[in-house]
Structures are given as structure tokens and as C-alpha cells.
Amino acid sequence: MGPLTGFRVIELAGIGPGPFCGMMLSDMGAEVIRVDRVGGAGRRPRDVLARNRRSVAVDLKQGEGVELVLKLVETADALFEGFRPGVTERLGLGPDECLVRNEKLVYGRMTGWGQEGPIAHAAGHDINYIGLAGALHAIGEPGGKPVPPLNLIGDFGGGGMLLAYGLVCGMLEAARSGKGQVIDAAMVDGAASLMAMFFSMAGFGFRNERGSNMLDGGAHFYNTYETQDGKYVCVGAIEPQFYAELVEKSGVDPNRFGPQMDNGQWSGFKAELAEVFKTKTRDEWCDIMEGSDICFAPVLSILEAPDHPHNRHRETFVTVDGVTQPAPSPRFSRTSPEISHAARRPGEDTRSVLAEIGLDADEIDALETAGVVQASSAS
């Protein structure tokens with residue numbers, strides 16, 4: 001049983017960062033009930049982000065459907081949604097309506113731009129939010145254009161994870177005060193928070209040109225290198241003692257590579273190290289460097305990562321219903337998080353959840369006949 005066991009959260013189903021938030025909470029033991037739309041996609045066991053939750057399928061365009069969700073709200077500690085500002089208000093499921101039903105409810109709202117501001121109602125994606133936050137500008141090769149780092153910074157780090165953190169904070173506070181509140185989790189804000197260290201560094205020498213600083217690929221000792229077999233390794237030998245070991249085990253001239261922090265020489269050092277790393281395969285460099293204090297690792301694909309001995313030992317990845325996926329994280333010594341099941345088909349748990357809030361079988365049948373809910377079978 002995970003550390004959030006006993007908390008009930010309602011998830012108004014969305015895409016990407018919203019489901020990631022639901023995964024984070026449900027992995028930790030919270031009972032997350034996902035409100036899917038009637039007529040949604042079929043069974044999706046391979047959707048890792050939707051694991052561990054029950055699903056009810058409700059037509060939120062019908063008043064009876066909205067009322068069912070409000071009944072669920074009465075039993076919940078939190079609700080979260082990831083729509084544009086004003087959408088849940090138009091549905092009749094905004095914070096005001098929900099907090100009237102449950103004054104202890106923590107109402108989480110996640111958007112790209114936030115609930116207010118000059119462009120709050122504009123469409124956007126991860127790339128736009130991290131662009132506005134100052135994160136995207138710093139990522140890429142020197143002299144080249146900014147390179148999107150997948151959608152990890154805005155959607156997941158600055159969005160879903162920030163919302164999960166906010167919801168847990170809100171639920172802890174509500175347990176003391178007896179009062180709920182609304183959380184405005186904006187991806188642009190979250191991405192900016194992730195840049196806190198670099199805003200500090202801007203005050204003492206961080207250069208504004210991408211690919212010219214210690215952590216953005218400018219330094220030879222914090223970089224990736226191609227190996228003889230066309231694969232890659234990465235090194236992060238920042239500390240002097242780690243750098244000395246990199247110099248030793250790579251076999252370069254220690255006299256030439258002595259001035260580690262002379263950024264005027266970084267470009268030349270990178271070129272030399274690039275040639276050195278191409279003399280051996282990735283596995284050969286692993287034999288030489290892995291497990292040392294160089295701060296070294298092979299650059300593994302998502303197909304390779306689960307099979308690395310360290311990841312196997314720690315069970316960093318698990319297989320559920322034939323799908324390999326990241327295990328719940330972080331780990332706890334006593335209240336262990338777990339994956340109880342793969343993603344449910346939309347509406348697979350409609351009947352059981354509605355029964356829990358007091359509806360009998362005839363009432364549920366009538367709602368399904370009217371198209372207010374969808375009660376799918378597990379097959």
C-alpha cells in the first residue's frame with residue numbers, strides 16, 4: 001500500500017501531462033477515478049500513463065452526467081483537470097460548483113499558460129511553454145538552433161509532476177484546515193521553476209549562447225561521444241578528481257588536458273576526445289569506465305535501458321500485461337507503491353463506481369440506455 005492510500009482523486013481525462021499526474025498519484029496508492037468520455041477509445045493496456053486507475057465513462061454534455069461527477073466530488077479529496085481556462089465552468093464542473101459540494105476539495109487546474117494572462121486562452125504545446133520560460137533557448141549545439149528536449153520539461157516535469165506535487169500539498173493542508181482550494185499549475189511556470197539554478201548562474205558567468213556553458217554541451221567533460229560502433233556514451237566529469245580519472249582512463253595527454261575550466265580550449269578538447277572515443281566500441285568503453293568516478297554511462301535507447309544490469313537489479317522497469325514500463329518512483333521503505341493493473345477500457349468500472357455512490361442497478365441501466373454513461377465490459 002503506497003503512501004497516498006486512503007486519498008480519493010477524480011481525474012477529468014485529458015492527454016499527456018494530465019494522465020502523467022494521475023499515474024504519479026495512483027502509483028503512490030491514491031484511488032484515482034478517471035472520468036472518460038462516452039464513446040472513447042477501446043481498451044488501451046499499452047497506455048502506461050493510464051495505469052492503476054478505475055474508469056467511468058460519462059457524457060459531460062448532459063446535466064445528468066455532470067450531476068454524477070458532482071456526486072463523485074462529494075466523496076473525493078481532490079479533482080484535477082487539464083482543459084483550457086473556462087472549459088469546466090461551462091460544463092458546470094468549475095471550482096465554484098465543486099467546492100459547494102465539498103468544501104475540503106482540492107481542485108487542481110493544469111494549463112500551458114495559466115488561468116490568467118495575455119495569452120492564457122491561446123493554444124500551445126510543450127515547445128511553446130519552455131520557449132517562453134527561457135529553457136528552450138539554452139538547449140542545442142553551438143551556433144545551431146534550439147532543440148526540443150522531447151516534451152519532458154513543459155508537459156511532464158513542469159506540468160504533470162508540478163500538478164501532482166501541488167495536489168499533495170493541497171491535500172495535506174486541507175487535512176489541517178478543513179478547507180479546500182484551487183491550484184493553478186501552469187507549464188510555463190513549472191518550466192521556469194526547473195530553470196532556477198540557471199537563473200542563479202546567469203548572475204555569475206552563464207553565457208547566453210547555447211552550447212557554450214558547462215552543462216549545455218559546451219564543455220568537453222560534460223558531453224556525449226560517438227563510439228566505434230556508431231553508438232554513444234556520456235561523461236559528466238565536473239569535479240577535478242573525476243576529471244582526472246576521465247583523462248587517465250581515456251588515455252589523452254594529461255599535460256594538454258590540464259586546464260579543465262579554460263573554456264577557450266573546450267572546443268579543441270572536445271574534438272580530441274571525440275576521436276579517442278571512436279577508437280573503441282560502446283561496450284569496450286563501458287568495460288573501461290563504467291562504475292568508476294568518471295561519471296560515465298552508455299547512452300541507451302528506450303529498448304536497451306530495461307536490460308542494463310543496474311536497472312535490472314533495481315527493477316527500475318517492470319512488465320505489466322506484457323508492456324515494459326517504468327516502475328513507480330520514488331521508493332519508500334514501508335509504504336511501497338505498486339502497479340495493480342494496466343490501463344482500463346473507458347467505462348470499465350462505471351457500474352462499480354456508481355454503485356459506490358448509491359445508484360442501484362436499474363438506475364445505472366437507465367443512465368446507460370440514455371447515453372449518459374457507458375459501462376464497458378473488461379473483455
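Me: Let's start with Gly-178: what does it touch, not counting residues up to four places away in sequence?

Reply: Gly-178 touches Glu-103 and Lys-104, where contact means heavy atoms within 4.5 Å. Bear in mind that this is a predicted model, where local features need pLDDT of at least 70, side-chain atom pairs count only at pLDDT 80 or more, and totals for chains, interfaces and linings use all residues. Residues are numbered from 1 along each chain as its sequence is written, and side-chain values use heavy atoms, with hydrogens and water left out.

Me: Why is Gly-178 called partly exposed?

Reply: Buried means under 20% relative accessible area, exposed over 50%, and partly exposed in between (1.4 Å probe, protein chains only). Gly-178 has 23% relative accessibility, so it counts as partly exposed. You'll find Gly-178 in the loop between helix 6 and strand 6; helices (H or I, at least four residues) and strands (E, at least two) are DSSP runs, numbered from the N terminus.

Me: What makes the buried residues of helix 7 sit on the same side?

Reply: The buried ones are Met-187, Val-188, Gly-190 and Ala-191. They cover an arc of only 160° around the axis, which puts them on the same side of helix 7.

Me: How are helix 5 and helix 7 packed, in angle and axis distance?

Reply: Their angle is about 50°, and the axes are 8 Å apart. Axes are lines fitted to C-alpha atoms, for helices over the stretch in contact, and angles run from 0 to 180 degrees between N-to-C directions.

Me: And why is helix 5 called oblique to helix 7?

Reply: Under 35 degrees counts as roughly parallel, over 145 as roughly antiparallel, 65 to 115 as roughly perpendicular, and the rest as oblique. The angle of about 50° therefore makes helix 5 oblique to helix 7. On the helix 5 side, the contact is made by Tyr-129, Ile-130, Leu-132 and Ala-133.

Me: What makes strand 6 and strand 12 edge strands?

Reply: Two strands pair if DSSP finds at least two bridges between them. In the open sheet of seven strands, the order is 6-5-4-1-2-3-12, and strand 6 and strand 12 each pair on one side only. Strand 12 pairs with strand 3 in the antiparallel sense over two bridges.

Note on methods: Arc of directions from axis to C-beta.
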